[in-house]
Amino acid sequence: MQLNEKIGIYLDQIKQIKGVENAVLTQRDGNPIQSTGVWFSKDEIFNVSSATSAIFNVGIHLHPKDLKYILIEGKKAKILIAPLNSPIHNSLNRILESQGVLDDKHEFFIAITAQPNINLGGVFLQTSECLRKIKTSLITSGESFKPPLIQFNSQKVQNIIEGFNVKENEEINFKLSPFSLSFSKPTSLKLSKVLDNISVTVPDTKYSFVTIEGGFIASKMLKIFDVNSEKLDKISAMSYSLFQTSNRCAWLLKKMHAESILLDCQHSFQFIEGLGKAIFSAVIGKTRQKLGLIRLILPQFTNQINKLIKEASEIQDFRTFDIKRMLGELVIK
């Protein structure tokens with residue numbers, strides 16, 4: 001049996017799980033390998049793979065040693081992105097390393113789309129065996145998926161496209177605002193107070209921050225010593241980028257906006273919540289709080305943050321001038 005047929009069987013097994021709509025296997029540099037479920041246009045095959053690749057790589061950069069999966073949630077669906085080197089496969093990793101066939105633990109990942117009422121954490125556990133088999137088949141096959149897309153000839157691109165269900169292209173226009181938010185001193189103090197209250201209510205909170213357009217921190221709270229302000233600025237920028245790319249991926253897959261993201265790691269959770277022109281993010285340890293309890297607690301604080309952001313946005317919109325109207329009367333001679 002050929003490798004692509006074997007992978008297709010495993011992906012179909014994942015697709016059979018109740019609530020799962022689509023599963024896409026991708027190599028880390030954005031090279032699409034195989035898909036089952038939803039039909040894609042030719043452009044969408046590469047757009048979805050590159051978007052999920054960007055999300056996956058930022059997630060690995062944020063949590064290089066213990067990332068289990070990334071969960072993106074919206075009104076229409078949930079999207080799970082999981083590396084094939086999940087910590088639950090540590091024993092397999094050690095065997096493959098000893099055999100000299102494993103040179104990059106983060107080489108492949110899978111993106112699974114499911115209905116919004118499905119517990120994708122549970123789906124991830126149910127698909128663990130399939131992920132293990134896919135990983136073993138890929139690594140031990142001897143085939144290489146590493147050449148970048150720009151080096152693919154037309155035949156290789158066609159082979160990839162034939163591995164997907166292809167639909168007709170749809171043209172969609174996106175409109176982006178060039179303006180970023182600014183916060184007054186009283187608003188910044190209120191934001192800081194909310195973040196402090198989160199750290200008191202959830203004692204395992206390591207750090208949290210509110211980031212505005214462009215990845216700039218509007219307010220932050222630090223409780224651990226191995227993360228300084230400079231490092232937190234980088235984490236903030238990457239987290240904002242992660243949310244924006246997830247938003248694009250959610251639109252490509254389900255024509256929806258991403259509302260929240262969960263990065264589940266071996267020793268901590270990172271929560272990212274979309275709040276209009278900003279995001280809220282918090283990294284919380286797993287020592288004392290369970291995931292379900294944290295997800296019940298956080299919304300009361302994110303609602304407060306969202307109100308402050310809306311107030312700042314309304315003030316800014318009131319002060320904004322119409323540059324086109326101002327320049328419309330100018331005549332250049």
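Is Glu73 buried or exposed? With a relative accessibility of 13%, Glu73 counts as buried. The legends below refer to a predicted model.

**View 1. Glu73 and Arg295 form a salt bridge.** The closest N and O atoms of the two side chains are 2.2 Å apart. Glu73 belongs to strand S3 (residues 67–73) and Arg295 to helix H9 (residues 291–319), so the contact ties together parts 222 residues apart in sequence. Arg295 has a relative accessibility of 33% and therefore counts as partly exposed. Lys78 joins Glu73 and Arg295 in a network of salt bridges. The structure holds six salt bridges.

**View 2. Glu259 and Lys75 meet in a salt bridge.** The N to O distance is 2.7 Å. Both partners sit in loops: Glu259 between helix H8 (229–254) and strand S8 (260–265), Lys75 between S3 and strand S4 (78–83). The pair thus ties together parts that are 184 residues apart in sequence. Glu259 is partly exposed at 32% relative accessibility. Lys75 is exposed, at 69%.

**View 3. Arg288 pairs with Asp204 in a salt bridge.** Their closest N and O atoms lie 2.9 Å apart. Arg288 is in the loop between strand S10 (278–285) and H9, while Asp204 is in the loop between helix H7 (185–201) and strand S6 (205–212). These parts are 84 residues apart in sequence. Arg288 counts as exposed at 58% relative accessibility, whereas Asp204 counts as buried at 9%.

**View 4. Phe56 and Phe109 form a stacked aromatic pair.** A search of the whole structure finds three aromatic pairs. Phe56 lies in helix H2 (residues 42–62) and Phe109 in strand S5 (residues 108–114), 53 residues apart. Phe56 is buried, with 0% relative accessible area. Phe109 is buried too, at 0% relative accessibility.

**View 5. Phe269 and Phe271 form a tilted aromatic pair.** Their ring centres are 6.0 Å apart, with the planes at 45°. Phe269 and Phe271 are buried.

**View 6. Helix H5 covers residues 128–140.** At 1.5 Å a residue, its 13 residues should span 18 Å. The end C-alpha atoms are 18 Å apart, which agrees. Buried residues of H5 include Leu131, Ile134, Lys135, Leu138 and Ile139. Cys130 is also buried, at 10% relative accessibility. Elsewhere, Cys265 is buried with a relative accessible area of 0%. A search of the whole structure finds zero disulfides.

Methods
Residues are numbered from 1 along each chain as its sequence is written. This is a predicted model: local features need pLDDT of at least 70, side-chain atom pairs count only at pLDDT 80 or more; totals for chains, interfaces and linings use all residues. Side-chain values use heavy atoms; hydrogens and water are left out. Helices (H or I, at least four residues) and strands (E, at least two) are DSSP runs, numbered from the N terminus. The expected span of a helix is 1.5 Å times one less than its number of residues. Buried means under 20% relative accessible area, exposed over 50%, partly exposed in between (1.4 Å probe, protein chains only). Rings of Phe, Tyr and Trp (its six-membered ring) pair if their centres lie within 6.5 Å; planes under 30 degrees apart count as stacked, over 60 as edge-to-face and the rest as tilted. A disulfide is a pair of cysteine sulfur atoms within 2.5 Å. A salt bridge is a side-chain nitrogen of Lys or Arg within 4 Å of a carboxyl oxygen of Asp or Glu.
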